[in-house]
Amino acid sequence: MFALCGSAAVWKLTAEATPALRTKEVPLLEIVHHHGDPFQQFPESFPLQVAVFWTNPGPDPENPLPLVHSLKEMGIPFFITRDLPQALRHRLVILYPSVDAHTFTQPQADQLTSFVQQGGCIFAQNVFWGGLQNLFGFRSFAPSRKRYHLAFSVTKDPVTKYLNRPEERETQLGSDHFREIIWSNGYVPGPGAEVLAHFDDGSAALLTNSVGKGKVYLLGLSLLDVVLRNQSNRDYEAQRHYVNAFEPGADVWLLVLRAWYEAYGKDWVRLATIPGGQRSALLLSHDVDWENSFAPGLDFARIEKANQASSSFFIQTKYVDDANSKAFFFAPNLDILRQLKAGGSTVGSHSIIHSRGFNKFELGSGHETYSSYQPRGLGFDTASGATVFGEVRVSKELLDGEIPGQDTIFFRAGHLRVPVSLPEALERSGYQFDSSFTADDVLSNFPFALPRDLGFEEDSEIYEFPVTIEDEESPGFAKRVPQALQVILANAENGAVSVVLIHSNESILKAAAEQDLLRQLPPDVVKTDMLTFAKFWRARDRLQWSLTATSAPTGAVLQVKSDESVSGLTFEFQRPIATVTGSATMSRDNRHLVLPELAPGHAVSIHINYLH
Ligand SMILES: [Zn+2]
């Protein structure tokens with residue numbers, strides 16, 4: 001009798017705490033450090049490359065990662081060097097991160113000046129040395145941490161070509177709730193220099209100066225502060241909105257560099273951001289974080305298929321009851337997941353307990369596993385027994401175990417709360433992609449390599465795809481479709497992407513609104529699930545390519561090598577193309593070349609014949 005009661009009690013407890021779910025083992029990976037030598041990582045290989053002269057390699061180096069992010073995201077070819085004559089053999093040179101009295105000798109300063117006089121172009125930030133004052137066109141500068149706004153001037157200068165919208169013409173550098181924000185250097189222009197952007201105190205933020213046949217640009221900010229700091233979410237709340245609005249505060253600098261390259265590069269070629277010669281991409285996603293959110297997911301998938309689209313579902317693998325909700329990661333919900341996957345939707349993890357306190361969780365050991373991990377939400381913000389590793393790793397064990405053919409490599413945090421240890425927990429658990437920030441919060445609408453520890457030193461293996469549009473902000477997605485379209489169009493103008501998040505908690509209003517949005521999309525905005533685009537973006541980001549002229553005046557050879565399979569890679573050319581060899585295809589404007597699917601590790605050579 002006693003024994004029976006005892007075993008019944010044990011059975012009941014086990015059934016509630018750990019329903020029998022299938023798991024697949026998730027190996028704990030070691031972190032791979034790639035940093036090493038930026039000169040070897042980004043070597044000189046063809047004349048069209050922008051030469052990055054790294055001015056501060058030590059003893060307390062400021063690494064070139066912010067510039068590397070900017071140039072790679074824009075598809076601008078570059079190499080990094082400490083050899084000034086090597087740099088000056090290229091037409092376009094960037095001095096990074098700053099120039100002070102110790103950077104150059106007087107003979108080197110003279111070389112820089114004659115380089116520009118003969119038609120060379122330099123883009124530099126934070127030049128402090130009086131010895132280069134005349135070249136860069138400033139009288140003086142004043143450092144400050146109290147400049148909060150920046151406005152571009154009305155000018156014909158080509159570097160502001162892409163900055164047409166009010167949100168691009170003026171940006172915020174930090175919230176005025178902070179007594180001090182990022183460092184800026186406000187310049188007083190010298191005679192002949194033109195001010196292209198100024199700070200709120202009237203000093204110049206971006207200057208240009210023509211010297212002989214060449215031109216220089218000088219920025220009084222660091223890309224560390226206006227690009228990478230935002231991407232790592234360590235900015236001083238520089239964003240003007242949190243979500244659902246167009247916030248290009250970091251992107252304006254990427255676009256200035258792109259416009260600079262296109263204005264002064266000779267016969268330039270750029271690796272486009274969007275596959276298939278298209279203008280932009282809409283990345284569709286759903287969060288499934290409630291017991292009744294599974295079945296409506298099938299309606300969304302059906303409507304997407306009918307509109308030639310597909311989406312990614314981020315699944316909360318809730319297998320414990322807690323203060324926030326009952327468990328719901330079991331049949332028949334699991335059957336729905338299998339149907340979604342079999343129907344062509346892709347599946348990612350949306351954690352286990354979906355805590356608003358996730359950003360404060362401890363990293364954990366990395367040995368958390370389904371049989372032992374027992375997290376519980378105590379309220380929205382608090383939890384017991386929960387770790388970052390646990391949420392990331394055990395949810396993958398379950399999704400991979402319960403869905404045939406599933407390999408979970410995409411993550412989205414509950415409530416979009418991001419702990420600094422998230423990149424590490426993700427990469428060590430075998431993930432590749434994340435979508436836990438909002439685009440407005442990171443002030444960027446391009447995907448990016450997520451820095452390890454959300455710092456400034458090195459990239460993790462994870463790529464971030466921040467959320468642009470979500471469905472819950474008042475008055476709800478169904479009433480915000482025209483606004484969403486405006487944001488999507490603003491991003492499309494920049495070759496940026498838009499990520500849409502719709503919770504699948506109901507499929508009447510929201511699915512109709514999604515269909516409405518899909519039907520109004522311009523035809524050159526690709527509709528895709530997040531995983532498909534993420535794989536494209538990573539292959540693009542790691543692509544090795546070069547373009548070299550042949551002896552014929554209208555000939556060139558494009559060489560491309562990808563470590564992973566990728567299709568639709570697109571190159572944009574300054575010169576119109578007449579013919580190409582192989583199975584690459586040209587767009588109607590003759591300036592976009594779309595590559596065939598590349599096999600992993602194979603180098604492809606495409607011979608190009610320009611129109612003139
Ligand atoms: Zn959620």
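Trainee: Why do strand β28 (residues 577-580) and β31 count as paired?

Mentor: Pairing needs at least two DSSP bridges between two strands. β28 and β31 have three, in the antiparallel sense, so they pair. V580 stands opposite I608 in β31. A strand here is a DSSP run of E, at least two residues; a helix is a run of H or I, at least four; both are numbered from the N terminus.

Trainee: What makes strand β26 (residues 555-561) a partner of strand β31 (residues 603-610)?

Mentor: Seven bridges, again antiparallel. The cut-off is at least two, so the strands pair. V557 stands opposite H607 in β31.

Mentor: Keep in mind that this is a predicted model, where local features need pLDDT of at least 70, side-chain atom pairs count only at pLDDT 80 or more, and totals for chains, interfaces and linings use all residues. Residues are numbered from 1 along each chain as its sequence is written, and side-chain values use heavy atoms, without hydrogens and water.

Trainee: Why are D289, H350 and H354 called donors of the zinc ion?

Mentor: A donor is an N, O or S atom within 2.8 Å of the metal (3.2 Å for Na, K and Ca). D289 (OD), H350 (NE2) and H354 (NE2) lie 2.0 to 2.1 Å from the zinc ion, so they qualify. Water is not among the atoms, so the site may look incomplete. The donor spacing in sequence is D-x60-H-x3-H.
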